[in-house]
Amino acid sequence: MDKIVLLAKQPGVTSFNSLYNVKRAFNTTKVGHTGTLDNFAQGLLVVCTGRLTRLAANITEFDKSYKAVIKFGTETDTLDYEGNIIRQTKLPDEKTVRTVIDSFVGEQLQTPPAFSAIHVEGKRASELVRKGMEVEIPARKINVYSAKILEIKKDENDDVIACLVDFSVSKGTYIRCLARDIGKACDSSAHLIGLYRTKVGDFTVENAAGYNLLPKFDIDNSISISESFIKQAHKNADHENDLKFQKEIVDTSRDLDEQTALLCGFKLLHLKDSQSEQDFRYGRPIHKTFFTEKINMTTAQDIFAVFSPTKTFCGLVSCKNLEHQYVGYKMVIQ
């Protein structure tokens, strides 16, 4: 089954284990997500199945939106509540928090966390850290398009215990690191106690299978979950609920039709007849005469989703020569 599935990941479950019900729903092992979420996080995973797993790299490049609960006064080695406390400081005041968070909007360099899937000398950074090795990861350019405070919780001294922030960011941005850096900029410290991915490109969590199962996301609930967290294996799955969830996954999954292709950021091309479709599927040299439309590339990064005369997805083509408007094969569905 070649499908795109919007999946609402539950907190406390790994991204890998979240794919269990997708695999069972479609009876396949050929499943790939387009960007992991930390174990403690919840929200949108865009999952590709079958031959569409080859689209995963494209969707990973999309901008993303998150809601995050940042707790001040402590920093952990993992930058979230599952880690060990490595620093404790005083709490900041509200004016400082608001000023600092506003200052984080825009392009900046971010140092990714040591506890991450980034590879260093062929090994995951998190694996090296757990072995007691020091890891240095170069800073990378990111962009925070917006950062809006939605909620603030204070103590009896009117200092900020935690805040809920809505972030819109570029690919490769670690919200855990934003929390760390915001804490330091407030002359305090901080870590994440809640993370909720709400959007990947133009895909939204409200359309995801399992959305109604997600817990309420606010400061108080995030504090409650983090305080009661115990590292242990999950309880035995509820088979009946799994079957219901698998049905929802199938019902909400989507083929790569024209609308979904546009959501993926692709432009559209249509093969004009059955002969053009056959030539395309067999990987024969592409001619502009294959298509009903004129190829119109505006950048070298343009990708086109190609559809048959009956509007069946046939594959992807991308820029080969921008000046002469030539495209080459990127993916073919035979």
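Residues are numbered from 1 along each chain as its sequence is written, and side-chain values use heavy atoms, with hydrogens and water left out. Because the model is predicted, local features need pLDDT of at least 70 and side-chain atom pairs count only at pLDDT 80 or more, while totals for chains, interfaces and linings use all residues.

The chain contains ten helices and 17 strands. These elements are DSSP runs, numbered from the N terminus (helices: H or I, at least four residues; strands: E, at least two). The chain has 334 residues, and 49% of them count as buried. Buried means under 20% relative accessible area, exposed over 50%, and partly exposed in between (1.4 Å probe, protein chains only). A contact means heavy atoms within 4.5 Å. Among contacts between residues at least 6 apart in sequence, 68% join residues at least 24 apart.

Strand S3 spans residues 42-49. Eight of its eight residues are buried. S3 pairs with several strands, where pairing requires at least two DSSP bridges between two strands. Strand S1 (residues 4-9) runs antiparallel to S3 over six bridges. Within S3, Leu45 stands opposite Leu7. Strand S2 (residues 31-33) is also antiparallel to S3, through three bridges. Here Gly32 has Cys48 of S3 as its bridge partner. The pairing of S3 with strand S12 (residues 190-200) is parallel and rests on two bridges. Gln42 faces Tyr196 of S12 as its opposite residue.

Strand S10 (residues 140-154) takes part in two further pairings. Strand S7 (residues 106-110) joins S10 in the antiparallel sense over five bridges. Glu107 stands opposite Asn143 of S10. Strand S11 (residues 160-169) is antiparallel to S10 over nine bridges. Lys148 has Asp166 of S11 as its bridge partner. S10 and S11 form a hairpin, with five residues between them. In the turn, Asp158 has a positive phi of about 70°.

Four strands make an open sheet in the order S14-S15-S16-S17, with mixed pairing. Strand S14 (267-270) and strand S17 (326-332) are at the edges; each has a single partner strand, so one side of each lacks a neighbour in the sheet. From one strand to the next, the twist averages 35°. Strand S15 (residues 303-307) and strand S16 (residues 313-321) run antiparallel, joined by five bridges. Val306 stands opposite Gly315 in S16. Helix H10 (residues 274-281) packs on this sheet and touches S15, S16 and S17. The direction of H10 makes about 70° with that of S16. Axes are lines fitted to C-alpha atoms, for helices over the stretch in contact, and angles run from 0 to 180 degrees between N-to-C directions.

The structure holds zero disulfides, a disulfide being a pair of cysteine sulfur atoms within 2.5 Å. For Cys48, the nearest cysteine sulfur is that of Cys264, 7.2 Å away. Cys48 counts as buried, at 0% relative accessibility. For Cys163, the nearest cysteine sulfur belongs to Cys186, at 8.0 Å. Cys163 is buried, with a relative accessible area of 0%.

The count of aromatic pairs is five. Rings of Phe, Tyr and Trp (its six-membered ring) pair if their centres lie within 6.5 Å; planes under 30 degrees apart count as stacked, over 60 as edge-to-face and the rest as tilted. Phe40 and Tyr81 form an edge-to-face pair, 5.5 Å centre to centre with 70° between the planes. Phe40 lies in the loop between S2 and S3, and Tyr81 in the loop between strand S5 (74-76) and strand S6 (85-88). The two residues are 41 residues apart, and the pair links distant parts of the chain. Both Phe40 and Tyr81 are buried. The ring centres of Phe280 and Tyr329 are 5.1 Å apart with the planes at 50°, so this pair is tilted. Phe280 belongs to helix H10 and Tyr329 to strand S17, 49 residues apart. Phe280 is buried, at 0% relative accessibility. Tyr329 is partly exposed, at 30%.
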